[in-house]
Amino acid sequence: MTHEPFSPATATLFGMPAWVLFALIPFVGLACFAWIIARRAVPLRRGAPDPRFERVPERILLVVKIWLAQWRQPRYMLAGVLHIVVFFGFLILAARSMQMVVLGFVPGFVLPGLGGALGAVYNVVKDLAATAVLVAVVILAVRRAYFRPARYAVPEKLGKDHTPEALFVLGLIGTLMVSESLFEGAVLAAEGAPAHSATPLTLTWTFQQALAGVPVSTLKGINLAAYVVHDLTFFFFLCLLPFGKHFHVITSIFNVFFMRLRPGNVKPVAHGVPDAQLDGLKSLGVKTFEDFTWKHMLDFYSCVDCGRCSDRCPANHVKRPLSPRFISIKARDLCFQRYPIFGKPATDAVPLIGGIYSEDEIWSCTTCGACEEECPVGIEYIDKIVDLRRGMVDEGTVPQSIQKPLSALEKRGNPWGKLEKKRASWTEGVGEGVTVKLVETGATAETLYFVDSITSYDDRMQKLARATARILTKAGVDFAIIGKDEKDSGHDVRRFGEEMLFQTLKDHNTEAIKASTARRIVVNDPHALNALRNDYADVPPVEHISEVIARGVGSGALKLEPLSDSSRTYTFHDPCYLGRHNGAYDAPRQAIDGIPGIRRVEMEGNCRDRSFCCGGGGLMLFHEPEEEQRMGVVRVQQAKAAGADVIVTACPFCLTNIEDAIKVAGLEGRMQALDLVELVDGQLQS
Amino acid sequence: MEILVCVKRVPDSAENEISVGPGGADIVRDDLVYSVNEWDNYAVEEAIQIVEREGGSVTVVSACDSEAEEIVRREMAMGANQGLLLTDAAFTGSDGLGIATILKAAALKGKYDLVLTGAQADDGAAQVGGMLAALLDWPYASVVNKIETNVGASLRIGREIEGGNHEISEIDLPCVLSIQTGINEPRYVGIRGIRKVASVEIPVMDSEALGMAKGAVGATGAKVRRVDYFVPQLGAGAEMIQGSTEDVAGKLLDLLKAKGGIK
Amino acid sequence: MDAKVFVLITHKDGKADDSARELVTAAQALFPGCTPDAVVAGSGIDAVCGEVAAGFGEVWKFDQEALAYPNAELLRPLLAKVLPPGATLLLPHNTFGLDLGPGLSVKLGVTYVPDVVGVQGMEGTTLKVVRQEHAGQVSAHVHCDVARGAVITVRAGVFKPAEDGAAAGKILDRSADAAGLTARRRFVELIQAEAGDVDITREDVLVSVGRGIGDKENIAIVEDLARAMGAALSCSRPLVDAKWLDKAHQVGTSGKTVRPKVYLALGISGSFQHMGGIKGSPFLIAVNKNPKAPIFQAATVGVVADLMELVPVLTEKIRKSR
């Protein structure tokens, strides 16, 4: 801008120099904002500790990928693209907004560095951005008001619909765009075209055209009015942000910076309290709001209310009482209530279970991780659910259905209460030329095959153990199993909140693993994989059998015969604890594709990190939440829709659930479920 | 209310395969895990819930078993206020009446309004509660599955009888009730809870402390004596029945009748 | 043994329970050569007394309105009063017998012998019987000193009902002895279970149906069988998932744990999850089309057959036999 026909800084308002007002508004606005932020920080200071300051370079990379590059947004394409537009629009317009504020009391202000050529480029970019944002906002508003995507719906018992709030904020954003462009358009119209023209077809350009020929005094008035609207709206919006889901505008960058780096593991009961000292704690788990860590409270602030987590949540899909989105929203609202901007924070200890959360709600989660995979701002759910369960276990409110297997795990080291001495009885009949060495008889080996409970005791799953043993033998792996001294890995004991029992099992197994002198562990059970890799410390590196097979297939060590019946179509169901939690999507596929001529399809939209949980493993097999349908049935129907007649999976719990589901879905005889090791074992060249 | 709950340490039949040892003298105990008798656990939970409502305290007592301390402690971890162990060499070999006699002596040492037992235990006799009530000369009700306490000097109770029917009665206090499973949902007791009560003192009373004459109970006083264990002959795997549908149905009918399958 | 043997007759709606006839046989087995007497207590019990008279020496009738509903707390002092010293009383081992028996043995000062499932015989004043322990997993030989008399409860179905034929016993009206009875436990009301209210964990006999039933409509055939047997219906998980039966019927690790004496598994494969819900060692009859079904490993008796063909024939036979 070379010369200015008028400026808000030199205007008069109500007989006063307007710049006073325009200096006051930002001052008051920023002061209010600072006050609100300080109040919002109060509960975080009361929250439990949570060390999130390590591995800073990785954290910065996450911020660049997930926050700046909006990596997860396009998973929901339409909303994702629109959000990216609005997000980048906000980033681009940040400079312009700052300039706007100062223009109110410094006429002709230009941000340092944005004079000259760079400024000219910026002007073009900012006009395009503002226009794009407005278009996006209109589309978003129509989408919310008219098309009403299902994931935004609010169940009746959880309160009023959030659409009015959403539309209000979209309106504010639109107002900012319009008022800024009008402000600019008025100036350009006064200066006259064509020397100073906005980029064609932008909002500014539109206003410039519309206002051509309007007298300068009127333009001055319009310019001033637009400025007032923009200034007030800007600071109103800024101060509004911390009161609802738009708090994420401020908190998201921090939330992503502090998000989970290690997948698969569960937070310790209390950061900074070593396992050996847990007995000394007065209370375990999260029972009241203040038991949450500060990062979890930040999560509640950051929830965008987008509903993507609940949309992908399998428990929510089958109408269990759990909706992850509302875990966040209800807690956020409780936090706002207990820590108001004006007035004293609450000091009473109000239990969460029986308050904002119900017991069934928290027991419904299968810890599949779909929610965390989806969340665009890095909110964590599994740790919160586990902490809430820890609290319930500490209080003794555990469903009867889970008490029996927990008691059996404590006494017998497996949830069915089967005799310890029968843990290795699956080795009988494993096949000619295959010996399964037992550590309990003094054998040692390079590799330890950690079988875990279901594969050891369930007669259907014992076939998987035998197949795994045969595959390992064929692949030339020198392996042994622990035998009767092996106890349940405790993976789901931990995730159901019985941390002390988990510690006991972990300590016992760690000793047994050390005693085996193995340097490497192999498992067929992804829950065991996750426990040994991510929950245990001081044990050798763990691999899943699919990785061994993939390697063997790749190197030629494992030669697989073509199928005798090549008419069937196979699909792979990614187990949650192999795929999402441990990133092993490719190895099982390579293993399957190692069978010449096999026809394999993907369950598009529901594979890899979007795999739909089979229903859950470990203790979830014993628990019976209220639901309208079994998750396994949903999965089987997805397989059928993809054109498959064989579902291959790589987890004994998935196999159990899917085989049951095939019966329930009435597809017996038309759909088969098979474990990867069974499939490969069947095709091993003799 | 002051409540005394009688508990027994039993092999956990859910988690054990019970087999007979050589000569039938005893069952094989090497691999057994023990826990509090399931029915007794429901009784303790019920007592704790009553005391949470009405005030008072819950005392858990176990007789004749020197290893019962672990289960009494577990019930205290669950929420019982006191524990009590009744052991004496002279108690060994007591039959059901003997045990009831020992428990009676303990019950009279306190001032209890209510005594609870489990409806039955591992030997399926379901006798101690009824005997104890008769020895104390207190009213009795068995297989109680509901207790209401707000009825003055009585309780309103539900008993579970055949056909799933509920028999509602009023019973005067003090009384003895044997508790049926399913009356409530016992709270969970984890390792942590048990560690918390690990060093709480549990008093032990012998026959002298109970004011009982030696020889009143124990093997000498027992009228019922188990001589040995055995397992009736069974083949491995199923005995397969062949024949025409008529024949098979006929054979099944005979088997069902013989085994009490036709009611 | 010279002392008198008595049988307590339990009855409902004017008819004696099945246990009455079984206890006659039990009395003969326990005390060969004895002629037991019957004790009948209740209100308006002439028909019952008449019905059971055959096979007993005497029938002692205690007809009082206060006894209309069987209350063990009323019956116990009555029996303690009227039974002669050294008497032995047989009771059915059911909720009533268990309520009455133990305390009665104390009041009478006699030995209590519960849940007899077999008899070895008398040796002097020692009665040798067979009992079960640990949810039926093991049996035990038990010796009981019955010199002073006994109260004995007998398990249902162990002894065959005695056939009619013996001369009818004399009915003695001793109702006056039962006048003015009071108890510190008073019956209030009976709440009937609703049809759907079955608690399979309590049932002694279960007819269990699995995926082999094929279709929801076919379940009716099995319900029919259960009715004919007087048994309860249960099922495996897939039927509950398919919503053909509700969860209360499900047997399994994620359903109910049952401890029946007899378990009829129809069209059930015998998966680990299902079998995990069956405790004790019930007499397990398995019917399955697949000879390789795992259930045949766990079953006592097995039939490879189409349950759709077998079940109606079996139901018919049971009905005819009643």
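Okay, the largest nonpolar core: it has 276 residues, and the ones touching the most other members are Val5(B), Val44(B), Leu103(B), Leu132(B), Ile9(C), Val40(C) and Leu90(C). By core I mean a set of buried Ala, Val, Leu, Ile, Met, Phe, Trp, Tyr and Cys residues joined through C-beta atoms within 7 Å. Buried is 20 or more other C-beta atoms within 10 Å of a residue's own, with C-beta atoms placed from the backbone. Keep in mind that this is a predicted model: local features need pLDDT of at least 70, side-chain atom pairs count only at pLDDT 80 or more, and totals for chains, interfaces and linings use all residues. Residues are numbered from 1 along each chain as its sequence is written, and chains are lettered from A and ligands numbered from 1 in the order in which they are written.

So what does Leu103(B) contact, leaving aside neighbours within four places in sequence? Cys6(B), Val61(B), Ala63(B), Val128(B) and Leu132(B), where contact is C-beta atoms, placed from the backbone, within 7 Å. There's also a second, separate core of 48 residues, including Val287(C) and Phe296(C).

Over to chain A. Val636(A) sits in helix α24, residues 631–641; helices are DSSP runs of H or I, at least four residues, numbered from the N terminus. Val636(A) counts as buried because 28 other C-beta atoms lie within 10 Å. Beyond four places in sequence, Val636(A) touches several residues, among them Ile647(A), Ile658(A) and Met671(A).

Definitions and conventions
A residue is buried if 20 or more other C-beta atoms lie within 10 Å of its own, exposed if 12 or fewer, and partly exposed in between; C-beta atoms are placed from the backbone. Two residues are in contact if their C-beta atoms, placed from the backbone, lie within 7 Å. Helices (H or I, at least four residues) and strands (E, at least two) are DSSP runs, numbered from the N terminus.
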